[in-house]
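Open the model in your viewer and keep the sequence beside it. This tour goes stop by stop.

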Amino acid sequence: MESKAPYGAAKAGNGSFDPYAFFTHPRTVLRILSWVFSIVVFSCIVNEGYINIGSERLLCVFNNNADACNYGMTVGVACFLGSICFLILDVYFPSMSNVKDRRRAVLLDLGFSGVACFLWFVGFCFLTNQWQATSADELPLAQGSDAARAIITFCFFSTVSWAVLTLSALRRYLAGSQANLFTWQHLDPTAGNVRATPYPIANGATIVTTNPYQAPAFTETLDPKRLIQQRPMPPAF
């Protein structure tokens, strides 16, 4: 009985996609959770983050500080859009056969996740400080208090989720770097991993591997007209 290959084990560039393996992968689950957390934050600010006390002017529930609400809303919307973009990138990542494209994708993931983690941590500290400075007189009948606590809580959850995503991206980048796959040195035919043949092969030779489903994150397909061609490897999902 043939066992089912894990997500990312398909040949790069063949366009195959396994929805179940993709949506059950830990990184995909974290991206979806981060997406949901960002929705909770900015939706709570929009719906209940402002109160009206005796005038038509709306005041932020966090110590009447409009900067606090604006900050949370901005970071929430940015991470909401970023989560969607990186989910799409994760779908197309296995089909990338170019080393530089994969490297850029992982570096982009690493940079965005790190910045998002930092911004959520700053937001958690900032909103918590402003909430502690809010007096009971500023919130008659405890208006918006539940929303404020929910915003602070999900800021903390977002910090944790984006921190884990940052570590995941860093691990993928280091795996590609340590395998020396950012250069062409791994394609040197003298390394002893090329199938020898006395005659040119029309479709190009392939590098023989014992386990193609444990390849690092960055591999690249060469021109099939060349004598030596590397078989596309799956990404490190």
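**Stop 1: a buried pair**

Select Asp-109 and Arg-31: both are buried, where buried means under 20% relative accessible area, exposed over 50% and partly exposed in between (1.4 Å probe, protein chains only). Their side chains meet in a salt bridge, 2.8 Å from N to O. A salt bridge here is a side-chain nitrogen of Lys or Arg within 4 Å of a carboxyl oxygen of Asp or Glu. Asp-109 lies in helix α4 and Arg-31 in helix α2, so the pair ties together parts that are 78 residues apart in sequence.

A note on the model before moving on. It is predicted: local features need pLDDT of at least 70, side-chain atom pairs count only at pLDDT 80 or more, and totals for chains, interfaces and linings use all residues. Residues are numbered from 1 along each chain as its sequence is written, and side-chain values use heavy atoms, with hydrogens and water left out.

**Stop 2**

Asp-90 sits in helix α3 and Arg-31 in helix α2 (residues 26-48), 59 residues apart. How accessible is Asp-90? Its relative accessibility is 3%, so Asp-90 counts as buried. Arg-31 has 1%.

Now select Asp-101 and Arg-104. Their side chains meet in a salt bridge of 3.1 Å, N to O. Both lie in helix α4, three residues apart, about one turn of the helix. Asp-101 is partly exposed, at 36% relative accessible area. Elsewhere, salt bridges that share partners join Arg-31, Asp-90, Asp-109 and Arg-172 into one network. The salt bridge count comes to five.

**Stop 3: helix α4**

Select residues 99-132. This is helix α4, with 34 residues. Helices (H or I, at least four residues) and strands (E, at least two) are DSSP runs, numbered from the N terminus. From first C-alpha to last, α4 reaches 50 Å, close to the 50 Å expected at 1.5 Å a residue. The expected span is 1.5 Å times one less than the number of residues. Zoom in on the start of α4: a side-chain oxygen of Asn-98 comes to within 2.8 Å of the backbone nitrogen of Lys-100.

**Stop 4: helix α3 and a nonpolar patch**

Go to helix α3, residues 66-92. Its 27 residues should span 39 Å, and its end C-alpha atoms are 40 Å apart, which agrees. Asn-65 caps the N-terminal end of α3, with a side-chain oxygen 3.0 Å from the backbone nitrogen of Asp-67.

Show the surface and select Phe-17, Phe-23, Ile-84, Ile-88, Val-91 and Tyr-92. Together they make a nonpolar surface patch of about 540 Å². Helix α3 gives the largest share of this patch, four residues.

**Stop 5: a buried loop residue**

Select Thr-134, in the loop between α4 and α5 (145-178). Is Thr-134 buried or exposed? At 14% relative accessibility, Thr-134 counts as buried. Neighbours within four places in sequence aside, Thr-134 is in contact (heavy atoms within 4.5 Å) with Val-61, Phe-62, Asn-63 and Leu-139.

**Last stop: the whole chain**

Zoom out. The protein chain has five helices and four strands. From the N terminus, its elements run α-α-β-β-α-α-α-β-β. Of its 237 residues, 40% are buried.

Note on methods. Polar contact = N/O pair within 3.5 Å; in protein donor to acceptor, adjacent residues only side chain to side chain. Patch = residues over 30% accessible without salt bridge, like charges linked within 9 Å, V, L, I, M, F, W, Y side chains within 5 Å. Areas by Shrake-Rupley, 256 points an atom, 1.4 Å probe, with all protein chains shown as cover.
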